[in-house]
Amino acid sequence: MEQEIKKWKKLMLIHKFALDEVNTKLQILNEEFQHIHQYNPIEHIKSRLKNQEGIVRKLERKGHAVTPENARRHVHDIAGVRITCSFTSDIYRVVQMIQHQRDIQVVILKDYIKNAKPNGYQSLHLIVEIPVFLAASTEKTLVEIQIRTVAMDFWASLEHKLFYKFEKEIPQALGRELKSAAETMKVLDEKMEAIKREMDFVKQGGTFL
Ligand code: 0O2
């Protein structure tokens with residue numbers, strides 16, 4: 001039993017270290033980008049370690065025995081980072097910056113922006129693997145990175161509060177309303193992106209006819 005507790009503690013510690021590494025990396029990339037382009041693609045970075053209750057729930061939902069080994073293998077979001085960007089194009093810019101990091105490997109990329117979930121959820125998810133260097137070993141550790149615009153985040157946060165993990169079927173009319181709200185967010189993002197493009201054109205000396 002004591003051995004098992006030690007293993008759980010180590011699992012959490014390693015994921016905390018991985019989270020620290022990814023956070024530092026993202027801050028460096030953001031500041032460097034700001035330095036070169038006088039522009040900041042990242043609005044906010046928020047990170048969290050999944051609590052043990054959440055890990056147990058996910059293992060049970062997926063039908064795996066609750067062990068630290070299974071948690072490591074099957075729960076990919078023990079360490080989670082959420083990045084909020086101003087514009088949709090910034091999301092893909094951040095993805096590219098992450099992909100170019102030599103010590104980070106992108107294991108899974110899910111683009112719910114190009115292909116929104118049926119309920120309207122939009123976001124880009126990466127599962128990355130990062131080495132955590134300990135005194136006597138190197139532990140390759142998974143971190144989930146969710147990247148979305150402020151508008152997508154607004155929708156997802158409220159939807160999470162209202163419906164996500166709601167055990168019963170959501171009334172159809174509410175589901176339609178929710179999806180329509182997500183589509184409104186998409187239109188808003190596209191509009192802001194178009195304004196940004198035109199502003200960039202003006203800043204480069206362009207004029208409208
Ligand atoms: P929580 O409470 O936010 O941590 P997985 O279960 O991760 O192995 P899955 O479900 O295919 O596999 O992963 P996916 O689709 O990448 O979703 C992972 C996370 O994205 C979720 O984590 C949520 O945080 C978020 N997410 C996915 N779909 C929705 C959605 O419809 N609405 C909202 N608000 N968030 C969503 P968790 O662990 O399910 O939940």
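This is a predicted model: local features need pLDDT of at least 70, side-chain atom pairs count only at pLDDT 80 or more; totals for chains, interfaces and linings use all residues.
The C-alpha trace spans about 75 × 50 × 20 Å along its principal axes. Of the 209 residues, 39% count as buried.

We can turn next to the ligand. A shell of 20 residues surrounds the ligand, and the closest of them are Lys62, Tyr112, Asn119, His125 and Glu159. Sorted by class, this shell holds twelve charged residues, together with four polar and four nonpolar ones. Several side chains place polar atoms by the ligand. In Glu159, a polar side-chain atom lies 2.7 Å from a ligand nitrogen. Ligand oxygen atoms figure in two further pairs: one such oxygen is 3.1 Å from an N or O atom in the side chain of Gln146, and an oxygen of the ligand is 3.4 Å from a side-chain N or O atom of His160. On its own the ligand has 730 Å² of accessible area, and the protein covers 83% of it. Two or more shell residues come from each of helix H2 (52-61), strand S5 (138-149) and helix H5 (150-162). Among the contributors, H5 gives the largest share, with three residues.

Charged side chains also pair with one another within the protein. Across the whole structure, a search finds 13 salt bridges. One of these joins the side chains of Lys16 and Asp20, with an N to O distance of 2.7 Å. Both residues belong to helix H1, where they lie four residues apart, about one turn of the helix.

Glu53 forms a salt bridge with Arg57, and their closest N and O atoms are 3.4 Å apart. Because these two residues are four positions apart in helix H2, about one helical turn separates Glu53 from Arg57. Glu53 counts as exposed because its relative accessible area of 57% is over 50%. Arg57, in contrast, is partly exposed, with a relative accessibility of 47%.

The salt bridge between Lys114 and Asp111 has an N to O distance of 3.7 Å. Here the two partners fall into opposite classes. Lys114 is exposed, at 61% relative accessibility, whereas Asp111 is buried, at 17%; the cut-off for a buried residue is under 20%. Salt bridges can also be followed through a set of four residues, as Arg48, Lys50, Lys58 and Asp77 are linked in a network.

Some individual backbone positions deserve a look too. Gln38 is not a glycine, yet it has a positive phi of about 50°. Gln38 sits in the loop between helix H1 (2-37) and strand S1 (42-49). With a relative accessibility of 60%, Gln38 counts as exposed. Another glutamine, Gln99, is located in helix H4, which covers residues 88-99. The relative accessibility of Gln99 is 43%, so this residue counts as partly exposed. Gln99 and Lys110 are eleven residues apart along the chain, and 14 Å separates their C-alpha atoms.

Terms used
Residues are numbered from 1 along each chain as its sequence is written. Side-chain values use heavy atoms; hydrogens and water are left out. A residue is near a molecule or strand if one of its heavy atoms lies within 4 Å of it. A polar contact is a pair of N or O atoms within 3.5 Å; within protein, one must be able to donate a hydrogen and the other to accept it, and residues adjacent in sequence count only if both atoms are side-chain atoms. Accessible areas come from the Shrake-Rupley method with a 1.4 Å probe; for residues, only the protein chains shown count as cover. Ala, Val, Leu, Ile, Met, Phe, Trp, Tyr, Cys and Pro count as nonpolar, Asp, Glu, Lys and Arg as charged, and the others, Gly among them, as polar. Buried means under 20% relative accessible area, exposed over 50%, partly exposed in between (1.4 Å probe, protein chains only).
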